[in-house]
Amino acid sequence: MRLNSLQLVNFRNYDNLHLQFDKKINLLVGKNGQGKTNIVESIYMLSFGKSFRTNKDKEIIKFESENLYVGGNYSKQYTNGMVEVAIGKNKKGIKVNKIHIKKIQELLGNINVVIFSPEDLRLVKEGPKERRSFIDKEISQIMPKYYSYLTSYNKILSQRNQLLKNKHIDSDLLDVYDESLAKYGSYIYILRRDFIKKIADISRNMHEKLTDSIENLLITYKNQINICDEDNTTTVYNKFLDKLTSNRNHDIETRTTKYGLHKDDLNIFINDLDVRLYGSQGQQRTASISLKLSEIELINNEVGEYPILILDDVFSELDETRQKLLVDNLSVVQMFITTAEVSHKNIFDKSNTTIFNIDKGHVINIENGGN
Ligand SMILES: Nc1ncnc2c1ncn2[C@@H]1O[C@H](COP(=O)(O)OP(=O)(O)OP(=O)(O)O)[C@@H](O)[C@H]1O
Ligand SMILES: [Mg+2]
(Lines give C-alpha, C1' and ligand atoms only; values in the text may rest on other atoms or scores of the structure.)
(Ligands and ions follow the chains in the order given, each with its own letter.)
Protein backbone atom coordinates (compact mmCIF):
# COMPACT_ATOMS: atom_id res chain seq x y z
CA MET A 1 0.00 0.00 0.00
CA ARG A 2 1.03 3.58 -0.21
CA LEU A 3 0.18 7.02 1.06
CA ASN A 4 -0.36 9.39 -1.85
CA SER A 5 -0.82 12.69 -0.11
CA LEU A 6 -0.85 14.34 3.27
CA GLN A 7 -2.40 17.54 4.54
CA LEU A 8 -1.54 19.08 7.89
CA VAL A 9 -3.17 22.07 9.53
CA ASN A 10 -1.77 23.35 12.83
CA PHE A 11 0.05 20.10 13.42
CA ARG A 12 3.10 20.71 15.68
CA ASN A 13 5.24 23.32 13.88
CA TYR A 14 3.28 23.18 10.59
CA ASP A 15 0.62 25.79 9.76
CA ASN A 16 -0.64 24.35 6.56
CA LEU A 17 1.19 21.74 4.59
CA HIS A 18 0.12 19.76 1.57
CA LEU A 19 2.43 17.08 0.19
CA GLN A 20 2.28 14.53 -2.61
CA PHE A 21 4.41 11.49 -1.92
CA ASP A 22 6.65 9.24 -3.94
CA LYS A 23 5.35 5.70 -4.24
CA LYS A 24 8.80 4.39 -3.32
CA ILE A 25 11.15 6.45 -1.18
CA ASN A 26 10.40 9.71 0.56
CA LEU A 27 13.45 11.21 2.16
CA LEU A 28 12.82 13.96 4.72
CA VAL A 29 16.00 15.93 5.18
CA GLY A 30 16.64 18.78 7.58
CA LYS A 31 18.60 19.97 10.55
CA ASN A 32 17.63 18.95 14.08
CA GLY A 33 14.34 20.29 15.36
CA GLN A 34 12.96 21.41 11.99
CA GLY A 35 9.92 19.13 11.72
CA LYS A 36 10.94 15.83 10.12
CA THR A 37 9.64 13.56 12.86
CA ASN A 38 6.51 15.71 13.08
CA ILE A 39 5.60 14.62 9.56
CA VAL A 40 6.06 10.92 10.23
CA GLU A 41 4.21 11.35 13.51
CA SER A 42 1.22 12.61 11.53
CA ILE A 43 1.41 9.61 9.19
CA TYR A 44 1.47 7.29 12.19
CA MET A 45 -1.57 9.11 13.48
CA LEU A 46 -3.50 8.32 10.32
CA SER A 47 -2.75 4.67 10.95
CA PHE A 48 -3.31 4.34 14.69
CA GLY A 49 -5.35 7.43 15.56
CA LYS A 50 -2.71 8.58 18.03
CA SER A 51 0.87 9.73 18.28
CA PHE A 52 3.80 7.44 19.01
CA ARG A 53 5.45 10.22 21.00
CA THR A 54 2.76 11.28 23.43
CA ASN A 55 -0.59 10.21 24.80
CA LYS A 56 -1.62 13.83 25.23
CA ASP A 57 -3.28 14.87 21.96
CA LYS A 58 -3.24 18.50 23.02
CA GLU A 59 0.55 18.62 22.80
CA ILE A 60 0.35 18.00 19.08
CA ILE A 61 -1.79 21.03 18.32
CA LYS A 62 0.35 23.90 17.11
CA PHE A 63 1.19 26.32 19.93
CA GLU A 64 -1.46 29.02 20.26
CA SER A 65 -3.90 27.22 17.98
CA GLU A 66 -7.20 25.60 18.88
CA ASN A 67 -7.50 22.66 16.51
CA LEU A 68 -5.41 20.46 14.30
CA TYR A 69 -6.19 18.49 11.19
CA VAL A 70 -4.37 15.63 9.48
CA GLY A 71 -5.67 14.09 6.29
CA GLY A 72 -4.20 11.51 3.95
CA ASN A 73 -5.16 9.67 0.77
CA TYR A 74 -3.94 6.14 0.33
CA SER A 75 -4.00 3.45 -2.34
CA LYS A 76 -4.03 -0.29 -1.93
CA GLN A 77 -4.01 -2.97 -4.58
CA TYR A 78 -7.77 -2.88 -5.06
CA THR A 79 -8.97 0.17 -3.17
CA ASN A 80 -8.30 3.81 -2.43
CA GLY A 81 -9.24 5.57 0.72
CA MET A 82 -8.97 8.64 2.86
CA VAL A 83 -8.37 9.04 6.57
CA GLU A 84 -8.79 12.29 8.50
CA VAL A 85 -8.09 13.12 12.12
CA ALA A 86 -9.19 16.34 13.78
CA ILE A 87 -8.29 17.29 17.33
CA GLY A 88 -9.59 20.21 19.35
CA LYS A 89 -8.85 21.14 22.95
CA ASN A 90 -11.45 18.72 24.30
CA LYS A 91 -12.59 16.74 21.32
CA LYS A 92 -11.31 14.40 18.69
CA GLY A 93 -12.88 13.06 15.53
CA ILE A 94 -11.69 10.50 13.03
CA LYS A 95 -13.18 9.98 9.59
CA VAL A 96 -12.61 7.15 7.16
CA ASN A 97 -13.78 7.97 3.66
CA LYS A 98 -15.63 11.01 5.01
CA ILE A 99 -17.60 8.98 7.54
CA HIS A 100 -17.09 9.48 11.27
CA ILE A 101 -15.96 6.33 13.02
CA LYS A 102 -17.03 5.39 16.52
CA LYS A 103 -14.43 2.83 17.48
CA ILE A 104 -10.69 2.88 16.89
CA GLN A 105 -10.99 -0.66 15.45
CA GLU A 106 -12.73 0.87 12.44
CA LEU A 107 -9.61 2.89 11.74
CA LEU A 108 -6.99 0.19 12.25
CA GLY A 109 -6.11 -1.67 9.11
CA ASN A 110 -6.90 1.17 6.72
CA ILE A 111 -3.36 2.46 6.64
CA ASN A 112 -0.81 -0.07 7.90
CA VAL A 113 2.39 1.43 9.19
CA VAL A 114 5.56 -0.07 10.61
CA ILE A 115 7.73 2.45 12.36
CA PHE A 116 11.33 2.00 13.30
CA SER A 117 12.96 4.56 15.59
CA PRO A 118 16.28 4.68 17.44
CA GLU A 119 14.89 2.92 20.54
CA ASP A 120 14.15 -0.09 18.35
CA LEU A 121 17.84 -0.38 17.54
CA ARG A 122 18.35 -1.42 21.14
CA LEU A 123 15.89 -4.28 20.97
CA VAL A 124 18.65 -6.88 20.93
CA LYS A 125 20.88 -5.14 23.45
CA GLU A 126 18.25 -4.31 26.05
CA GLY A 127 16.92 -6.64 28.73
CA PRO A 128 14.36 -9.44 28.26
CA LYS A 129 11.47 -7.17 29.26
CA GLU A 130 11.80 -5.10 26.09
CA ARG A 131 11.90 -8.19 23.91
CA ARG A 132 8.88 -9.67 25.67
CA SER A 133 6.98 -6.47 25.16
CA PHE A 134 7.96 -6.48 21.47
CA ILE A 135 6.64 -10.03 21.10
CA ASP A 136 3.46 -9.24 23.01
CA LYS A 137 2.75 -6.16 20.92
CA GLU A 138 3.34 -7.99 17.67
CA ILE A 139 1.17 -10.99 18.49
CA SER A 140 -1.59 -8.79 19.91
CA GLN A 141 -1.73 -6.86 16.65
CA ILE A 142 -2.34 -9.99 14.65
CA MET A 143 -4.44 -11.71 17.30
CA PRO A 144 -6.37 -9.52 19.76
CA LYS A 145 -7.29 -12.64 21.78
CA TYR A 146 -3.65 -12.95 22.80
CA TYR A 147 -3.83 -9.67 24.63
CA SER A 148 -6.75 -10.82 26.72
CA TYR A 149 -4.96 -14.08 27.63
CA LEU A 150 -1.96 -12.07 28.67
CA THR A 151 -4.02 -9.69 30.79
CA SER A 152 -5.60 -12.65 32.59
CA TYR A 153 -2.22 -14.31 33.11
CA ASN A 154 -0.69 -11.14 34.55
CA LYS A 155 -3.63 -10.59 36.86
CA ILE A 156 -3.38 -14.11 38.28
CA LEU A 157 0.39 -13.85 38.56
CA SER A 158 0.11 -10.70 40.62
CA GLN A 159 -2.58 -12.31 42.84
CA ARG A 160 -0.34 -15.34 43.32
CA ASN A 161 2.62 -13.16 44.25
CA GLN A 162 0.40 -11.25 46.65
CA LEU A 163 -0.68 -14.48 48.28
CA LEU A 164 2.94 -15.63 48.61
CA LYS A 165 3.63 -12.53 50.66
CA ASN A 166 1.02 -13.47 53.27
CA LYS A 167 2.03 -14.86 56.65
CA HIS A 168 -0.31 -17.83 56.37
CA ILE A 169 -0.67 -19.16 52.89
CA ASP A 170 -3.89 -20.83 51.84
CA SER A 171 -2.59 -23.75 49.78
CA ASP A 172 -6.03 -24.47 48.26
CA LEU A 173 -6.08 -20.97 46.88
CA LEU A 174 -2.54 -21.42 45.60
CA ASP A 175 -3.74 -24.57 43.77
CA VAL A 176 -6.44 -22.53 42.08
CA TYR A 177 -3.98 -19.85 41.03
CA ASP A 178 -1.52 -22.44 39.72
CA GLU A 179 -4.16 -24.08 37.59
CA SER A 180 -5.31 -20.76 36.17
CA LEU A 181 -1.74 -19.69 35.46
CA ALA A 182 -1.09 -22.98 33.71
CA LYS A 183 -4.31 -22.62 31.70
CA TYR A 184 -3.62 -19.13 30.33
CA GLY A 185 0.10 -19.86 30.28
CA SER A 186 -0.37 -22.84 27.99
CA TYR A 187 -2.28 -20.75 25.41
CA ILE A 188 0.35 -18.02 25.50
CA TYR A 189 3.35 -20.39 25.41
CA ILE A 190 2.03 -21.99 22.25
CA LEU A 191 1.22 -18.70 20.53
CA ARG A 192 4.64 -17.32 21.42
CA ARG A 193 6.37 -20.48 20.21
CA ASP A 194 4.61 -20.38 16.84
CA PHE A 195 5.09 -16.64 16.41
CA ILE A 196 8.80 -16.77 17.26
CA LYS A 197 9.30 -19.56 14.76
CA LYS A 198 7.74 -17.38 12.06
CA ILE A 199 9.72 -14.23 12.83
CA ALA A 200 12.92 -16.24 13.21
CA ASP A 201 12.56 -17.40 9.62
CA ILE A 202 11.73 -13.96 8.26
CA SER A 203 14.46 -12.25 10.30
CA ARG A 204 17.07 -14.77 9.18
CA ASN A 205 16.26 -13.97 5.56
CA MET A 206 16.25 -10.26 6.18
CA HIS A 207 19.56 -10.42 8.04
CA GLU A 208 21.14 -12.42 5.27
CA LYS A 209 20.15 -9.69 2.83
CA LEU A 210 21.27 -6.83 5.06
CA THR A 211 24.70 -8.36 5.55
CA ASP A 212 25.18 -9.72 2.05
CA SER A 213 25.05 -13.28 3.44
CA ILE A 214 28.01 -12.72 5.74
CA GLU A 215 26.02 -13.21 8.90
CA ASN A 216 23.64 -15.95 9.88
CA LEU A 217 21.00 -14.87 12.38
CA LEU A 218 19.42 -17.51 14.56
CA ILE A 219 16.57 -16.65 16.89
CA THR A 220 14.98 -19.16 19.24
CA TYR A 221 12.47 -19.08 22.04
CA LYS A 222 14.03 -19.03 25.49
CA ASN A 223 11.62 -20.41 28.06
CA GLN A 224 11.80 -22.37 31.29
CA ILE A 225 9.56 -25.28 30.38
CA ASN A 226 11.50 -26.46 27.32
CA ILE A 227 8.48 -26.28 25.07
CA CYS A 228 8.87 -28.48 21.98
CA ASP A 229 7.44 -28.09 18.50
CA GLU A 230 5.13 -31.07 19.02
CA ASP A 231 3.70 -29.91 22.36
CA ASN A 232 -0.02 -29.20 22.41
CA THR A 233 -1.97 -27.12 24.93
CA THR A 234 -2.44 -30.08 27.30
CA THR A 235 1.25 -31.01 27.29
CA VAL A 236 2.26 -27.43 27.93
CA TYR A 237 -0.36 -27.09 30.66
CA ASN A 238 1.04 -30.16 32.42
CA LYS A 239 4.66 -29.10 32.00
CA PHE A 240 3.98 -25.66 33.40
CA LEU A 241 1.82 -26.90 36.26
CA ASP A 242 4.54 -29.42 37.22
CA LYS A 243 7.09 -26.62 37.33
CA LEU A 244 4.86 -24.50 39.55
CA THR A 245 4.10 -27.39 41.87
CA SER A 246 7.63 -28.69 42.22
CA ASN A 247 8.90 -25.21 42.90
CA ARG A 248 6.19 -24.22 45.32
CA ASN A 249 8.32 -24.40 48.48
CA HIS A 250 10.97 -22.25 46.89
CA ASP A 251 8.31 -19.73 45.79
CA ILE A 252 6.94 -19.61 49.33
CA GLU A 253 10.42 -18.98 50.70
CA THR A 254 11.27 -16.25 48.24
CA ARG A 255 7.67 -14.92 48.16
CA THR A 256 7.59 -14.69 44.41
CA THR A 257 6.89 -16.83 41.33
CA LYS A 258 10.09 -18.10 39.79
CA TYR A 259 8.80 -19.92 36.72
CA GLY A 260 6.57 -18.73 33.97
CA LEU A 261 6.00 -16.66 30.87
CA HIS A 262 7.10 -13.53 32.68
CA LYS A 263 10.68 -14.87 32.42
CA ASP A 264 10.63 -15.62 28.68
CA ASP A 265 13.20 -14.22 26.30
CA LEU A 266 14.74 -14.73 22.88
CA ASN A 267 18.10 -16.37 22.23
CA ILE A 268 19.78 -14.39 19.47
CA PHE A 269 22.87 -15.74 17.76
CA ILE A 270 24.96 -14.42 14.88
CA ASN A 271 27.22 -17.02 13.31
CA ASP A 272 26.73 -19.20 16.39
CA LEU A 273 27.73 -16.52 18.90
CA ASP A 274 25.31 -14.97 21.36
CA VAL A 275 24.96 -11.49 19.89
CA ARG A 276 24.06 -9.93 23.22
CA LEU A 277 27.37 -11.03 24.70
CA TYR A 278 29.71 -11.06 21.74
CA GLY A 279 28.09 -8.95 19.01
CA SER A 280 29.45 -5.55 17.99
CA GLN A 281 27.17 -2.52 18.27
CA GLY A 282 26.57 -2.60 14.53
CA GLN A 283 25.72 -6.31 14.61
CA GLN A 284 23.31 -5.78 17.49
CA ARG A 285 21.68 -2.92 15.62
CA THR A 286 21.38 -4.85 12.38
CA ALA A 287 19.94 -7.84 14.24
CA SER A 288 17.40 -5.48 15.84
CA ILE A 289 16.43 -4.21 12.40
CA SER A 290 16.10 -7.72 11.00
CA LEU A 291 13.95 -8.71 13.94
CA LYS A 292 11.74 -5.65 13.95
CA LEU A 293 11.33 -5.51 10.17
CA SER A 294 9.99 -9.05 10.17
CA GLU A 295 6.77 -7.22 11.02
CA ILE A 296 6.60 -6.06 7.41
CA GLU A 297 6.45 -9.61 6.02
CA LEU A 298 4.09 -10.70 8.77
CA ILE A 299 1.62 -7.96 7.90
CA ASN A 300 1.94 -8.83 4.24
CA ASN A 301 1.24 -12.48 5.05
CA GLU A 302 -1.74 -11.51 7.16
CA VAL A 303 -3.44 -8.89 4.98
CA GLY A 304 -1.89 -9.44 1.56
CA GLU A 305 -0.51 -5.94 1.39
CA TYR A 306 2.83 -4.48 2.43
CA PRO A 307 2.63 -1.77 5.09
CA ILE A 308 4.26 1.64 4.82
CA LEU A 309 7.65 1.75 6.51
CA ILE A 310 8.83 4.72 8.53
CA LEU A 311 12.51 4.90 9.45
CA ASP A 312 12.88 7.79 11.84
CA ASP A 313 16.48 8.76 12.45
CA VAL A 314 17.90 5.26 12.19
CA PHE A 315 19.92 5.72 9.06
CA SER A 316 22.90 7.40 10.62
CA GLU A 317 23.27 4.42 12.94
CA LEU A 318 24.20 2.08 10.10
CA ASP A 319 27.23 2.03 7.84
CA GLU A 320 26.74 2.99 4.21
CA THR A 321 26.74 -0.58 2.90
CA ARG A 322 23.99 -1.62 5.29
CA GLN A 323 22.00 1.53 4.54
CA LYS A 324 22.06 0.68 0.85
CA LEU A 325 21.19 -2.97 1.42
CA LEU A 326 18.30 -1.98 3.67
CA VAL A 327 16.77 0.30 1.05
CA ASP A 328 17.44 -2.05 -1.87
CA ASN A 329 15.94 -5.04 -0.14
CA LEU A 330 12.75 -3.30 0.80
CA SER A 331 12.03 -1.96 -2.65
CA VAL A 332 8.44 -3.27 -2.57
CA VAL A 333 7.63 -1.05 0.39
CA GLN A 334 6.86 2.67 0.39
CA MET A 335 9.28 4.31 2.78
CA PHE A 336 9.51 7.52 4.75
CA ILE A 337 13.03 8.11 5.93
CA THR A 338 14.09 11.04 8.08
CA THR A 339 17.69 12.15 8.34
CA ALA A 340 19.66 15.17 9.43
CA GLU A 341 22.60 14.14 7.22
CA VAL A 342 22.49 15.88 3.86
CA SER A 343 25.06 13.39 2.54
CA HIS A 344 22.50 10.59 2.88
CA LYS A 345 20.79 11.99 -0.20
CA ASN A 346 23.56 10.48 -2.30
CA ILE A 347 22.90 6.88 -1.42
CA PHE A 348 19.42 6.90 -2.93
CA ASP A 349 18.57 6.13 -6.50
CA LYS A 350 17.14 9.41 -7.83
CA SER A 351 14.67 7.62 -10.07
CA ASN A 352 12.60 6.31 -7.17
CA THR A 353 13.23 8.90 -4.47
CA THR A 354 11.64 12.23 -3.67
CA ILE A 355 13.58 14.43 -1.31
CA PHE A 356 11.77 16.90 0.93
CA ASN A 357 14.05 19.54 2.42
CA ILE A 358 12.60 20.76 5.68
CA ASP A 359 13.34 23.95 7.55
CA LYS A 360 11.46 25.46 10.52
CA GLY A 361 8.15 23.82 9.80
CA HIS A 362 8.27 24.38 6.04
CA VAL A 363 9.10 22.14 3.15
CA ILE A 364 11.39 24.60 1.44
CA ASN A 365 12.37 22.53 -1.55
CA ILE A 366 11.33 19.26 -3.16
CA GLU A 367 13.83 17.35 -5.27
CA ASN A 368 11.68 15.16 -7.34
CA GLY A 369 12.65 11.75 -8.51
CA GLY A 370 10.46 9.09 -10.03
CA ASN A 371 7.07 9.33 -8.28
N1 LIG B 1 2.75 21.71 19.55
C2 LIG B 1 3.74 22.30 18.89
N3 LIG B 1 3.56 23.51 18.28
C4 LIG B 1 4.56 24.11 17.60
N5 LIG B 1 5.78 23.60 17.47
C6 LIG B 1 6.02 22.42 18.03
C7 LIG B 1 5.02 21.70 18.76
N8 LIG B 1 5.56 20.55 19.20
C9 LIG B 1 6.83 20.54 18.78
N10 LIG B 1 7.11 21.65 18.07
C11 LIG B 1 8.38 22.00 17.43
O12 LIG B 1 8.72 21.01 16.48
C13 LIG B 1 10.14 20.94 16.41
C14 LIG B 1 10.58 19.52 16.49
O15 LIG B 1 10.20 18.87 15.35
P16 LIG B 1 10.71 17.42 15.03
O17 LIG B 1 10.68 16.59 16.25
O18 LIG B 1 9.91 16.98 13.87
O19 LIG B 1 12.21 17.71 14.62
P20 LIG B 1 13.17 16.83 13.72
O21 LIG B 1 13.33 17.54 12.43
O22 LIG B 1 12.70 15.44 13.67
O23 LIG B 1 14.52 16.95 14.54
P24 LIG B 1 15.64 15.87 14.93
O25 LIG B 1 16.56 15.79 13.75
O26 LIG B 1 16.30 16.48 16.09
O27 LIG B 1 14.96 14.59 15.24
C28 LIG B 1 10.71 21.71 17.55
O29 LIG B 1 11.29 22.87 17.04
C30 LIG B 1 9.52 22.01 18.41
O31 LIG B 1 9.62 23.24 19.04
MG1 LIG C 1 13.34 13.69 14.62
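Reader: How do the residues of the lining of the largest pocket divide into nonpolar, polar and charged?

Author: Happy to start there, and do keep in mind that this is a predicted model. The largest pocket holds about 1,400 Å³ of space, and 40 residues line it. By class, that lining divides into 16 nonpolar, 11 polar and 13 charged.

Reader: Which residues are the closest to the centre of the largest pocket, and which element gives the largest share of its lining?

Author: Closest to the centre of the largest pocket come Tyr44, Phe48, Lys137, Gln141 and Glu295. Several elements give two or more residues to the lining: helix H1 (36-48), strand E8 (113-116), H2, helix H3 (144-164) and H8. The largest share, 9 residues, comes from H2.

Reader: How many cavities of 30 Å³ or more does a search of the whole structure find, and how much space lies in the largest cavity?

Author: Here a cavity is a place where a 1.4 Å probe fits but cannot get out. The search of the whole structure finds 1 cavity of 30 Å³ or more. The space in the largest cavity is about 40 Å³.

Reader: Which helix gives the most to the lining of the largest cavity?

Author: Let's look at the lining residues: Glu138, Gln141, Ile142, Glu295, Leu298, Ile299 and Glu302. By class they are 3 nonpolar, 1 polar and 3 charged. Helix H2 (128-142) and helix H8 (281-303) each supply at least two of the lining residues. With 4 residues, the helix that gives the most is H8.

Reader: Which residues come nearest to ligand 1?

Author: Good one to check on the structure above! The shell around ligand 1 has 3 nonpolar, 7 polar and 7 charged residues. Of the 17 residues around ligand 1, the nearest are Gly33, Lys36, Thr37, Asn38 and Glu59.

Reader: How much of ligand 1 does the protein bury?

Author: Begin with some contacts. An oxygen atom of ligand 1 is 2.8 Å from an N or O atom in the side chain of Lys36, and a polar side-chain atom of Arg53 lies 3.1 Å from an oxygen atom of the ligand. A nitrogen atom of ligand 1 is 2.8 Å from a polar backbone atom of Glu59. Taken alone, ligand 1 exposes 660 Å², and the share of that buried by the protein is 76%.

Reader: What does the UniProt annotation call residues 3-343, and how far apart are the end C-alpha atoms?

Author: An unreviewed UniProt entry annotates residues 3-343 as "domain: RecF/RecN/SMC N-terminal". Over those residues the chain is 43% helix and 21% strand. The distance between the end C-alpha atoms is 26 Å.

Definitions and conventions:
Residues numbered from 1 in each chain as written. Chains lettered and ligands numbered in written order. Predicted model: local features only at pLDDT ≥ 70, side-chain atom pairs only at ≥ 80, totals over all residues. Heavy atoms only, no water. 1 Å grid on protein atoms, 1.4 Å probe; cavity = no way out; pocket = protein on both sides within 12 Å on 5 of 7 lines; lining within 4 Å. Points joined across faces, edges and corners; volume = space filled by probe spheres on them. Nonpolar A, V, L, I, M, F, W, Y, C, P; charged D, E, K, R; others polar. Near = heavy atom within 4 Å. Polar contact = N/O pair within 3.5 Å; in protein donor to acceptor, adjacent residues only side chain to side chain. Areas by Shrake-Rupley, 256 points an atom, 1.4 Å probe, with all protein chains shown as cover. UniProt positions renumbered as here; feature names shortened; annotations may be inferred.
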